Amino acid sequence: MPATTRRRSSPSRPQRRSSRSSSAASTVPRAGLDTTVVIERAAEMLDDPRGEGLSLAALATSLGVKTPSLYKHVDGMPGLQRGMMLRAKATFGAAIGGAAIGRSREDAIVAMSFAYRAWALAHPGQYALTVRAPVEGDAEDEAASTAIVDVIFAVLAGYGLRGSDAVDATRFLRSAIHGFVALETSGGFGLPVDLERSFERLVGSVVTALSNWTGAEAGG
């Protein structure tokens with residue numbers, strides 16, 4: 001039987017991954033991570049009094065991703081701040097609007113004021129984002145800000161206040177409630193007097209002032 005020679009099979013070479021597939025895999029975001037999740041987590045961090053401040057690096061760490069991954073969802077820190085601002089204005093407006101629904105005059109003022117304060121205390125970091133005037137030309141910001149003011153205008157309409165009278169009264173109302181809330185959230189009240197009683201008296205004074213506002217209609 002003639003001898004046969006067997007060619008040694010060369011070891012199989014490992015298949016090389018194409019640079020295209022490798023690159024594509026590296027850009028796939030973590031499952032479940034999207035713009036909404038990123039902004040909501042950032043808002044939570046902003047409200048945390050024990051936090052060390054909000055940064056993209058800290059946010060990425062809390063989400064379990066690398067910092068560059070965040071840029072798939074927000075346009076850096078400016079984009080993140082804008083997203084948080086729009087979200088804060090929307091949720092704040094919904095809170096005070098929901099409290100005022102079905103109420104009028106004094107009942108509406110009281111309910112809205114307490115909802116205002118409750119939201120601010122629950123979201124001390126985000127609250128500052130709600131008081132900023134909208135950026136001119138930013139349609140989303142203008143819409144979110146207008147929605148908040150419209151809630152107050154609707155409540156003041158119960159007093160017959162419209163036009164410039166409504167604007168003046170809105171500024172008065174916001175200044176009074178904001179002043180109390182800003183001091184409270186920053187730890188400005190240290191005297192041993194019940195804050196709830198103080199706030200109730202403040203709101204009562206606001207109601208009295210609005211009831212006697214020039215141009216206001218007497219209640220039926």
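Reply: Let us begin with a definition: a salt bridge is a side-chain nitrogen of Lys or Arg within 4 Å of a carboxyl oxygen of Asp or Glu. Please bear in mind that the model is predicted.

Me: What makes the pair Arg41 and Glu44 a salt bridge?

Reply: The side chains of Arg41 and Glu44 meet at 3.0 Å, N to O. The cut-off is 4 Å, and therefore the pair counts as a salt bridge. Both residues lie in helix α2, three residues apart, about one turn of the helix.

Me: Why is Arg41 called partly exposed, and why is Glu44 called partly exposed?

Reply: Buried means under 20% relative accessible area and exposed means over 50%, with partly exposed in between. Arg41 has a relative accessible area of 28%, so Arg41 is partly exposed. Glu44 has 48%, so Glu44 is partly exposed as well.

Me: How do you know that Arg82 and Glu140 form a salt bridge?

Reply: Their side chains meet at 2.7 Å, N to O, and the limit is 4 Å. The pair links distant parts of the chain, with Arg82 in helix α5 (residues 76-100) and Glu140 in helix α8 (residues 139-156), 58 residues apart. Arg82 has a relative accessible area of 32%, between 20% and 50%, and is therefore partly exposed.

Me: What makes Arg117 and Glu184 a pair that ties together separate parts of the sequence?

Reply: The side chains of Arg117 and Glu184 meet in a salt bridge of 2.9 Å, N to O. Arg117 lies in helix α6 (residues 105-122) and Glu184 in helix α9 (residues 163-185), so the bridge ties together parts that are 67 residues apart in sequence. Both residues are buried. Salt bridges that share partners also join Arg82, Asp138 and Glu140 into one network. By the rule stated at the outset, the count comes to seven salt bridges.

Me: Let us turn to the helices. How many helices and strands does the chain have?

Reply: The secondary structure comes to 10 helices and zero strands.

Me: Why is α2 called roughly perpendicular to α3?

Reply: Two packed helices are described by the angle between their axes and the distance between the axes. Helix α2 (residues 35-47) and helix α3 (residues 56-63) pack at an angle of about 110°, with their axes 10 Å apart. Angles of 65 to 115 degrees count as roughly perpendicular, and therefore α2 is roughly perpendicular to α3. The crossing of these two helices is right-handed.

Me: Which residues of α2 and α3 meet?

Reply: From α2, Val37, Val38, Arg41, Ala42 and Met45 take part, and they meet Ala58, Leu59, Ser62 and Leu63 of α3. By class, the residues of this contact divide into seven nonpolar, one polar and one charged.

Me: Why is Ile177 called buried?

Reply: Ile177 has a relative accessible area of 2%, and values under 20% mean buried; therefore Ile177 is buried. Ile177 has its place in helix α9. Not counting residues up to four places away in sequence, Ile177 touches Ser113, Tyr116, Phe199, Leu202 and Val203. Ile177 and Val206 are 29 residues apart in sequence and 9.0 Å apart in space, C-alpha to C-alpha.

Me: How much of the chain is made up of buried residues?

Reply: Buried residues make up 32% of the 220 residues in the chain.

Technical notes. Residues numbered from 1 in each chain as written. Predicted model: local features only at pLDDT ≥ 70, side-chain atom pairs only at ≥ 80, totals over all residues. Heavy atoms only, no water. Axes fitted to C-alpha atoms, helices over the stretch in contact; angles between N-to-C directions. Helix = DSSP H or I, 4+ residues; strand = E, 2+ residues; numbered from the N terminus. Parallel < 35°, antiparallel > 145°, perpendicular 65-115°, else oblique. Left-handed = near helix turned anticlockwise from the far one by under 90°. Contact = heavy atoms within 4.5 Å. Nonpolar A, V, L, I, M, F, W, Y, C, P; charged D, E, K, R; others polar. Buried < 20%, exposed > 50% of the residue type's maximum accessible area, 1.4 Å probe, protein only.
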